[in-house]
Amino acid sequence: MQVDGVSYRSIWSSDDGQAFEIIDQTSLPFDFRTKRIDTYEAAAEAIRVMRVRGAPLIGVTAAYGVALAMRDDPSDQSLELAYKVLLATRPTAVNLRWALEDMRGRLSALPKAQRFDAAFARSGAIADEDVEINRNIGAHGLPLLRAIAEKKGRVNVLTHCNAGWLATTDWGTATSPVYQAHNAGLDVHVWVDETRPRNQGAFLTAWELKQHGVPHTVIVDNAGGHLMQHGEVDIVLTGTDRVSANGDVCNKIGTYLKALAADDNNVPFYVCLPSPTIDWRISDGLAEIPIENRAGREVTHFNALLENGEIAPAQVVSTGSPVANPAFDVTPARLVTGLITERGIAGATAEGLRTLFEHGHAAA
Ligand code: MRU
(Lines give C-alpha, C1' and ligand atoms only; values in the text may rest on other atoms or scores of the structure.)
Protein backbone atom coordinates (compact mmCIF):
# COMPACT_ATOMS: atom_id res chain seq x y z
CA MET A 1 0.00 0.00 0.00
CA GLN A 2 0.98 3.64 -0.18
CA VAL A 3 2.91 5.78 2.31
CA ASP A 4 3.12 9.37 1.16
CA GLY A 5 2.69 8.11 -2.40
CA VAL A 6 5.41 5.43 -2.17
CA SER A 7 4.49 1.72 -2.33
CA TYR A 8 5.41 -0.29 0.74
CA ARG A 9 4.86 -3.68 2.21
CA SER A 10 5.09 -4.02 5.99
CA ILE A 11 8.08 -6.41 5.71
CA TRP A 12 10.60 -7.14 2.96
CA SER A 13 13.94 -8.86 2.28
CA SER A 14 17.00 -6.61 2.44
CA ASP A 15 18.69 -5.96 -0.89
CA ASP A 16 21.86 -7.76 0.28
CA GLY A 17 19.85 -10.94 1.01
CA GLN A 18 21.26 -11.13 4.54
CA ALA A 19 18.50 -9.58 6.63
CA PHE A 20 14.96 -8.24 6.43
CA GLU A 21 13.32 -4.88 7.00
CA ILE A 22 10.14 -3.76 8.69
CA ILE A 23 8.10 -0.66 9.30
CA ASP A 24 8.59 -0.03 13.03
CA GLN A 25 4.99 0.21 14.21
CA THR A 26 5.94 1.43 17.68
CA SER A 27 6.69 4.88 16.26
CA LEU A 28 3.52 5.23 14.17
CA PRO A 29 1.51 7.33 13.56
CA PHE A 30 3.75 10.19 14.62
CA ASP A 31 6.94 9.04 12.96
CA PHE A 32 7.42 6.71 9.96
CA ARG A 33 10.56 4.60 10.44
CA THR A 34 11.86 1.43 8.86
CA LYS A 35 14.24 -0.92 10.64
CA ARG A 36 16.68 -3.56 9.45
CA ILE A 37 16.50 -6.82 11.42
CA ASP A 38 19.81 -8.71 11.37
CA THR A 39 19.47 -11.57 13.84
CA TYR A 40 16.82 -14.00 15.01
CA GLU A 41 17.06 -12.44 18.47
CA ALA A 42 16.21 -9.04 16.96
CA ALA A 43 13.28 -10.66 15.12
CA ALA A 44 12.03 -12.07 18.43
CA GLU A 45 12.41 -8.67 20.09
CA ALA A 46 10.50 -6.97 17.26
CA ILE A 47 7.56 -9.35 17.77
CA ARG A 48 7.70 -9.16 21.57
CA VAL A 49 7.68 -5.35 21.82
CA MET A 50 5.26 -5.09 18.86
CA ARG A 51 7.43 -3.30 16.32
CA VAL A 52 5.57 -5.80 14.17
CA ARG A 53 2.18 -7.09 15.23
CA GLY A 54 -0.98 -8.55 13.77
CA ALA A 55 -1.27 -12.31 13.38
CA PRO A 56 -0.15 -12.73 9.74
CA LEU A 57 2.78 -10.34 10.07
CA ILE A 58 3.98 -12.04 13.25
CA GLY A 59 4.10 -15.31 11.27
CA VAL A 60 6.11 -13.82 8.41
CA THR A 61 8.53 -12.16 10.84
CA ALA A 62 9.10 -15.44 12.68
CA ALA A 63 9.85 -17.19 9.37
CA TYR A 64 12.49 -14.59 8.54
CA GLY A 65 13.83 -14.96 12.09
CA VAL A 66 14.42 -18.68 11.49
CA ALA A 67 16.18 -17.82 8.22
CA LEU A 68 18.59 -15.50 10.05
CA ALA A 69 19.32 -18.21 12.61
CA MET A 70 20.18 -20.54 9.70
CA ARG A 71 22.53 -17.94 8.23
CA ASP A 72 24.57 -17.86 11.46
CA ASP A 73 24.37 -21.56 12.35
CA PRO A 74 22.44 -24.05 10.19
CA SER A 75 22.62 -26.90 12.75
CA ASP A 76 19.57 -28.78 14.10
CA GLN A 77 20.22 -27.30 17.56
CA SER A 78 20.18 -23.78 16.17
CA LEU A 79 16.93 -24.50 14.29
CA GLU A 80 15.33 -25.82 17.47
CA LEU A 81 16.53 -22.87 19.56
CA ALA A 82 15.25 -20.28 17.07
CA TYR A 83 11.92 -22.15 16.91
CA LYS A 84 11.57 -22.08 20.71
CA VAL A 85 12.66 -18.46 21.21
CA LEU A 86 10.40 -17.16 18.45
CA LEU A 87 7.42 -19.27 19.52
CA ALA A 88 7.64 -17.83 23.04
CA THR A 89 7.34 -14.21 21.88
CA ARG A 90 3.54 -14.00 21.79
CA PRO A 91 1.08 -16.73 22.75
CA THR A 92 -2.24 -16.01 21.04
CA ALA A 93 -1.80 -15.55 17.27
CA VAL A 94 -1.55 -19.07 15.87
CA ASN A 95 0.11 -17.85 12.65
CA LEU A 96 3.33 -17.77 14.67
CA ARG A 97 3.22 -21.52 15.32
CA TRP A 98 2.01 -22.19 11.77
CA ALA A 99 4.97 -20.34 10.21
CA LEU A 100 7.52 -21.86 12.59
CA GLU A 101 6.27 -25.39 11.98
CA ASP A 102 6.32 -24.79 8.23
CA MET A 103 9.94 -23.60 8.42
CA ARG A 104 11.13 -26.34 10.76
CA GLY A 105 9.44 -29.06 8.71
CA ARG A 106 11.04 -27.94 5.45
CA LEU A 107 14.50 -27.09 6.81
CA SER A 108 15.07 -30.16 8.93
CA ALA A 109 14.72 -32.28 5.77
CA LEU A 110 17.54 -30.37 4.02
CA PRO A 111 21.34 -30.64 4.21
CA LYS A 112 22.76 -27.87 6.40
CA ALA A 113 24.53 -26.14 3.51
CA GLN A 114 21.19 -25.48 1.82
CA ARG A 115 19.24 -24.33 4.84
CA PHE A 116 19.83 -20.56 4.82
CA ASP A 117 19.04 -20.07 1.15
CA ALA A 118 15.95 -22.26 1.41
CA ALA A 119 14.80 -20.52 4.59
CA PHE A 120 15.23 -17.04 3.18
CA ALA A 121 13.39 -17.98 0.01
CA ARG A 122 10.57 -19.64 1.95
CA SER A 123 10.17 -16.54 4.17
CA GLY A 124 9.70 -14.40 1.10
CA ALA A 125 7.25 -16.96 -0.30
CA ILE A 126 5.20 -16.95 2.92
CA ALA A 127 5.04 -13.15 2.65
CA ASP A 128 3.93 -13.38 -1.00
CA GLU A 129 1.33 -16.02 -0.13
CA ASP A 130 0.01 -13.75 2.62
CA VAL A 131 -0.47 -10.95 0.09
CA GLU A 132 -2.45 -13.27 -2.22
CA ILE A 133 -4.55 -14.62 0.64
CA ASN A 134 -5.47 -11.09 1.70
CA ARG A 135 -6.18 -9.96 -1.83
CA ASN A 136 -8.61 -12.89 -2.15
CA ILE A 137 -10.24 -12.13 1.20
CA GLY A 138 -10.90 -8.67 -0.20
CA ALA A 139 -12.35 -10.10 -3.40
CA HIS A 140 -14.74 -12.33 -1.41
CA GLY A 141 -15.72 -9.52 0.96
CA LEU A 142 -16.27 -6.90 -1.72
CA PRO A 143 -19.72 -8.22 -2.85
CA LEU A 144 -21.00 -7.78 0.73
CA LEU A 145 -20.07 -4.10 0.63
CA ARG A 146 -21.33 -3.70 -2.91
CA ALA A 147 -24.75 -5.11 -1.95
CA ILE A 148 -25.04 -2.55 0.86
CA ALA A 149 -23.90 0.27 -1.45
CA GLU A 150 -26.51 -0.71 -4.05
CA LYS A 151 -29.22 -0.53 -1.41
CA LYS A 152 -28.28 2.64 0.40
CA GLY A 153 -25.33 4.43 -1.19
CA ARG A 154 -22.77 4.96 1.55
CA VAL A 155 -21.45 1.84 3.33
CA ASN A 156 -20.55 2.29 6.99
CA VAL A 157 -18.11 -0.36 8.19
CA LEU A 158 -17.02 -0.67 11.81
CA THR A 159 -13.65 -2.25 12.56
CA HIS A 160 -11.72 -2.99 15.73
CA CYS A 161 -7.95 -2.94 16.31
CA ASN A 162 -5.73 -2.95 13.24
CA ALA A 163 -6.35 -5.80 10.83
CA GLY A 164 -4.99 -3.57 8.11
CA TRP A 165 -2.04 -3.89 5.77
CA LEU A 166 0.30 -3.08 8.65
CA ALA A 167 -0.90 -6.25 10.40
CA THR A 168 -0.18 -8.39 7.34
CA THR A 169 2.35 -8.20 4.51
CA ASP A 170 -0.09 -6.16 2.41
CA TRP A 171 -3.81 -5.40 1.96
CA GLY A 172 -4.75 -6.40 5.51
CA THR A 173 -7.58 -8.80 6.22
CA ALA A 174 -10.49 -6.68 7.51
CA THR A 175 -9.33 -3.73 5.42
CA SER A 176 -8.92 -5.66 2.19
CA PRO A 177 -12.65 -5.56 1.26
CA VAL A 178 -12.64 -1.89 2.27
CA TYR A 179 -9.65 -0.98 0.09
CA GLN A 180 -11.07 -2.95 -2.81
CA ALA A 181 -14.48 -1.27 -2.41
CA HIS A 182 -12.84 2.16 -2.23
CA ASN A 183 -10.70 1.37 -5.30
CA ALA A 184 -13.86 0.25 -7.13
CA GLY A 185 -15.45 3.64 -6.48
CA LEU A 186 -17.92 2.62 -3.75
CA ASP A 187 -18.69 5.20 -1.10
CA VAL A 188 -17.23 3.39 1.91
CA HIS A 189 -16.65 4.94 5.31
CA VAL A 190 -15.02 3.22 8.29
CA TRP A 191 -15.76 3.69 11.97
CA VAL A 192 -12.38 3.00 13.59
CA ASP A 193 -12.47 1.80 17.21
CA GLU A 194 -9.55 3.45 18.99
CA THR A 195 -8.70 0.05 20.59
CA ARG A 196 -7.29 0.75 23.97
CA PRO A 197 -4.91 0.08 25.52
CA ARG A 198 -2.41 0.26 22.65
CA ASN A 199 -4.60 2.30 20.29
CA GLN A 200 -4.02 0.15 17.21
CA GLY A 201 -7.19 1.64 15.73
CA ALA A 202 -6.51 5.29 16.48
CA PHE A 203 -2.78 5.00 15.70
CA LEU A 204 -2.50 2.43 12.90
CA THR A 205 -5.85 1.81 11.17
CA ALA A 206 -6.62 5.52 11.02
CA TRP A 207 -3.12 6.24 9.68
CA GLU A 208 -3.28 3.67 6.91
CA LEU A 209 -6.85 4.55 5.86
CA LYS A 210 -5.82 8.18 5.68
CA GLN A 211 -2.75 7.31 3.60
CA HIS A 212 -5.03 5.51 1.14
CA GLY A 213 -7.68 8.24 1.16
CA VAL A 214 -10.46 6.12 2.66
CA PRO A 215 -13.04 8.19 4.58
CA HIS A 216 -13.00 7.17 8.24
CA THR A 217 -13.84 8.40 11.72
CA VAL A 218 -12.09 7.36 14.93
CA ILE A 219 -14.43 6.59 17.82
CA VAL A 220 -13.82 5.56 21.41
CA ASP A 221 -14.23 1.86 22.05
CA ASN A 222 -17.52 2.37 23.83
CA ALA A 223 -19.26 4.20 20.97
CA GLY A 224 -19.94 1.25 18.66
CA GLY A 225 -23.08 -0.03 20.38
CA HIS A 226 -24.68 3.42 20.32
CA LEU A 227 -23.90 3.84 16.61
CA MET A 228 -25.39 0.44 15.84
CA GLN A 229 -28.59 1.30 17.74
CA HIS A 230 -28.96 4.38 15.54
CA GLY A 231 -28.43 2.59 12.21
CA GLU A 232 -24.98 4.10 11.65
CA VAL A 233 -23.18 0.78 11.14
CA ASP A 234 -24.01 -1.47 8.18
CA ILE A 235 -21.46 -4.18 8.76
CA VAL A 236 -18.68 -5.05 11.21
CA LEU A 237 -15.43 -6.40 9.75
CA THR A 238 -12.68 -7.57 12.08
CA GLY A 239 -9.53 -9.63 11.84
CA THR A 240 -8.61 -12.54 14.07
CA ASP A 241 -5.60 -14.04 15.83
CA ARG A 242 -6.94 -17.58 16.01
CA VAL A 243 -10.14 -19.35 15.03
CA SER A 244 -10.85 -22.75 16.51
CA ALA A 245 -12.02 -25.56 14.23
CA ASN A 246 -15.64 -24.93 15.34
CA GLY A 247 -15.53 -21.24 14.36
CA ASP A 248 -14.94 -19.44 17.68
CA VAL A 249 -13.00 -16.23 16.99
CA CYS A 250 -10.19 -14.89 19.14
CA ASN A 251 -9.28 -11.27 18.41
CA LYS A 252 -8.21 -8.07 20.12
CA ILE A 253 -9.84 -7.38 23.48
CA GLY A 254 -13.21 -5.73 22.97
CA THR A 255 -14.15 -7.62 19.81
CA TYR A 256 -16.63 -9.75 21.80
CA LEU A 257 -18.50 -6.66 23.01
CA LYS A 258 -18.84 -5.45 19.43
CA ALA A 259 -20.22 -8.84 18.41
CA LEU A 260 -22.79 -8.70 21.22
CA ALA A 261 -23.89 -5.23 20.18
CA ALA A 262 -24.03 -6.27 16.52
CA ASP A 263 -26.16 -9.29 17.40
CA ASP A 264 -28.56 -7.14 19.43
CA ASN A 265 -28.95 -4.72 16.51
CA ASN A 266 -29.04 -7.18 13.60
CA VAL A 267 -25.81 -5.78 12.20
CA PRO A 268 -23.85 -8.44 10.26
CA PHE A 269 -20.60 -9.33 12.01
CA TYR A 270 -17.99 -10.80 9.65
CA VAL A 271 -14.49 -11.95 10.52
CA CYS A 272 -11.77 -11.84 7.86
CA LEU A 273 -9.86 -15.09 8.25
CA PRO A 274 -6.71 -16.16 6.40
CA SER A 275 -6.42 -19.95 6.60
CA PRO A 276 -3.10 -19.97 8.54
CA THR A 277 -5.13 -18.38 11.38
CA ILE A 278 -7.32 -21.49 11.76
CA ASP A 279 -6.22 -23.72 14.63
CA TRP A 280 -7.47 -27.12 13.48
CA ARG A 281 -6.21 -28.72 16.72
CA ILE A 282 -8.79 -27.10 18.98
CA SER A 283 -12.56 -27.12 18.92
CA ASP A 284 -13.48 -24.84 21.82
CA GLY A 285 -12.02 -21.37 21.46
CA LEU A 286 -13.09 -20.11 24.86
CA ALA A 287 -11.57 -23.01 26.77
CA GLU A 288 -8.49 -23.63 24.67
CA ILE A 289 -7.06 -20.43 23.18
CA PRO A 290 -4.31 -18.94 25.36
CA ILE A 291 -5.01 -15.27 26.07
CA GLU A 292 -1.98 -13.03 26.33
CA ASN A 293 -1.78 -10.83 29.42
CA ARG A 294 0.40 -7.84 28.71
CA ALA A 295 2.16 -5.29 30.91
CA GLY A 296 0.04 -2.95 33.01
CA ARG A 297 2.05 -0.03 31.70
CA GLU A 298 0.14 -0.32 28.40
CA VAL A 299 -3.01 0.55 30.36
CA THR A 300 -1.51 3.33 32.45
CA HIS A 301 0.52 5.04 29.69
CA PHE A 302 0.65 5.53 25.98
CA ASN A 303 2.79 7.51 23.59
CA ALA A 304 1.31 10.90 22.85
CA LEU A 305 2.21 13.76 20.57
CA LEU A 306 2.49 16.67 22.98
CA GLU A 307 1.46 20.16 22.03
CA ASN A 308 5.14 21.18 21.94
CA GLY A 309 5.75 18.58 19.19
CA GLU A 310 7.54 16.10 21.45
CA ILE A 311 6.46 12.44 21.44
CA ALA A 312 6.38 11.12 24.99
CA PRO A 313 4.60 8.54 27.15
CA ALA A 314 1.61 10.10 28.88
CA GLN A 315 0.08 8.67 32.06
CA VAL A 316 -3.69 8.25 31.76
CA VAL A 317 -4.58 6.31 34.93
CA SER A 318 -4.61 7.42 38.55
CA THR A 319 -1.16 6.75 40.08
CA GLY A 320 -0.95 3.51 42.03
CA SER A 321 -4.26 1.92 40.98
CA PRO A 322 -3.87 -1.73 40.03
CA VAL A 323 -4.58 -2.51 36.38
CA ALA A 324 -5.22 -5.64 34.32
CA ASN A 325 -4.42 -6.04 30.65
CA PRO A 326 -5.88 -9.12 28.91
CA ALA A 327 -5.02 -8.49 25.26
CA PHE A 328 -7.56 -10.71 23.47
CA ASP A 329 -11.04 -12.15 23.90
CA VAL A 330 -13.04 -14.91 22.27
CA THR A 331 -16.27 -14.30 20.37
CA PRO A 332 -18.38 -17.46 20.30
CA ALA A 333 -19.12 -18.76 16.81
CA ARG A 334 -22.88 -18.21 17.30
CA LEU A 335 -22.30 -14.42 17.20
CA VAL A 336 -20.35 -14.53 13.92
CA THR A 337 -22.33 -14.03 10.71
CA GLY A 338 -19.58 -15.46 8.52
CA LEU A 339 -15.85 -16.02 8.08
CA ILE A 340 -14.42 -14.33 4.98
CA THR A 341 -11.53 -16.53 3.88
CA GLU A 342 -9.32 -16.61 0.80
CA ARG A 343 -11.51 -19.42 -0.54
CA GLY A 344 -14.87 -17.76 0.04
CA ILE A 345 -17.22 -17.06 2.93
CA ALA A 346 -17.68 -19.89 5.42
CA GLY A 347 -20.27 -20.27 8.12
CA ALA A 348 -18.65 -20.06 11.57
CA THR A 349 -19.09 -23.76 12.19
CA ALA A 350 -16.89 -26.86 11.97
CA GLU A 351 -18.80 -27.88 8.87
CA GLY A 352 -18.50 -24.44 7.26
CA LEU A 353 -14.73 -24.42 7.67
CA ARG A 354 -14.28 -28.05 6.63
CA THR A 355 -16.31 -27.53 3.48
CA LEU A 356 -13.96 -24.80 2.28
CA PHE A 357 -10.73 -26.40 3.39
CA GLU A 358 -11.35 -30.15 3.11
CA HIS A 359 -8.91 -30.61 0.22
CA GLY A 360 -5.79 -29.91 2.19
CA HIS A 361 -4.56 -26.86 3.94
CA ALA A 362 -1.08 -26.00 5.06
CA ALA A 363 -2.10 -25.15 8.61
CA ALA A 364 -3.93 -28.44 9.27
O1 MRU B 1 -1.96 -7.26 19.66
P2 MRU B 1 -2.01 -7.10 18.16
O3 MRU B 1 -1.94 -5.68 17.71
O4 MRU B 1 -1.00 -8.00 17.47
O5 MRU B 1 -3.46 -7.65 17.78
C6 MRU B 1 -3.85 -7.66 16.45
C7 MRU B 1 -5.23 -8.10 16.24
O8 MRU B 1 -5.95 -8.41 17.16
C9 MRU B 1 -5.68 -8.25 14.81
O10 MRU B 1 -7.06 -8.00 14.69
C11 MRU B 1 -5.39 -9.67 14.33
O12 MRU B 1 -4.07 -10.02 14.59
C13 MRU B 1 -5.67 -9.83 12.89
S14 MRU B 1 -4.50 -8.96 11.91
C15 MRU B 1 -4.89 -9.21 10.27
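A cavity here is a set of grid points, computed over the protein atoms alone, where a 1.4 Å probe fits but cannot get out. In this predicted model, the ligand sits in the largest cavity.

**The shell around the ligand**
- The ligand is surrounded by 18 residues, and the closest are Arg 90, Gln 200, Asp 241, Asn 251 and Lys 252.
- Sorted by class, this shell holds 7 nonpolar, 7 polar and 4 charged residues.
- Domain 1 (2–129) and domain 2 (138–356) each supply at least three residues to the shell.

- Arg 53 takes part through its side chain, with an N or O atom 2.9 Å from an oxygen atom of the ligand.
- Gly 54 uses its backbone instead, placing an N or O atom 3.0 Å from a ligand oxygen atom.
- Ala 55 also has a backbone N or O atom 2.9 Å from an oxygen atom of the ligand.

**Backbone details in the loops**
- Leu 28 and Pro 29 are joined by a cis peptide bond with omega near 5°, and Pro 29 belongs to the loop between β4 (20–23) and β5 (34–37).
- The bond from Arg 196 to Pro 197 is cis too, with omega near 10°; Pro 197 is in the loop linking β7 (188–193) and α7 (200–212).
- Asp 4, a residue other than glycine, has a positive phi near 50° and is found in the loop between β1 (2–3) and β2 (6–7).

Methods:
Residues numbered from 1 in each chain as written. Predicted model: local features only at pLDDT ≥ 70, side-chain atom pairs only at ≥ 80, totals over all residues. Heavy atoms only, no water. Near = heavy atom within 4 Å. Polar contact = N/O pair within 3.5 Å; in protein donor to acceptor, adjacent residues only side chain to side chain. 1 Å grid on protein atoms, 1.4 Å probe; cavity = no way out; pocket = protein on both sides within 12 Å on 5 of 7 lines; lining within 4 Å. Sits in = over half its atoms within 2 Å of the grid points. Nonpolar A, V, L, I, M, F, W, Y, C, P; charged D, E, K, R; others polar. Domains from an automatic or database assignment. Helix = DSSP H or I, 4+ residues; strand = E, 2+ residues; numbered from the N terminus.
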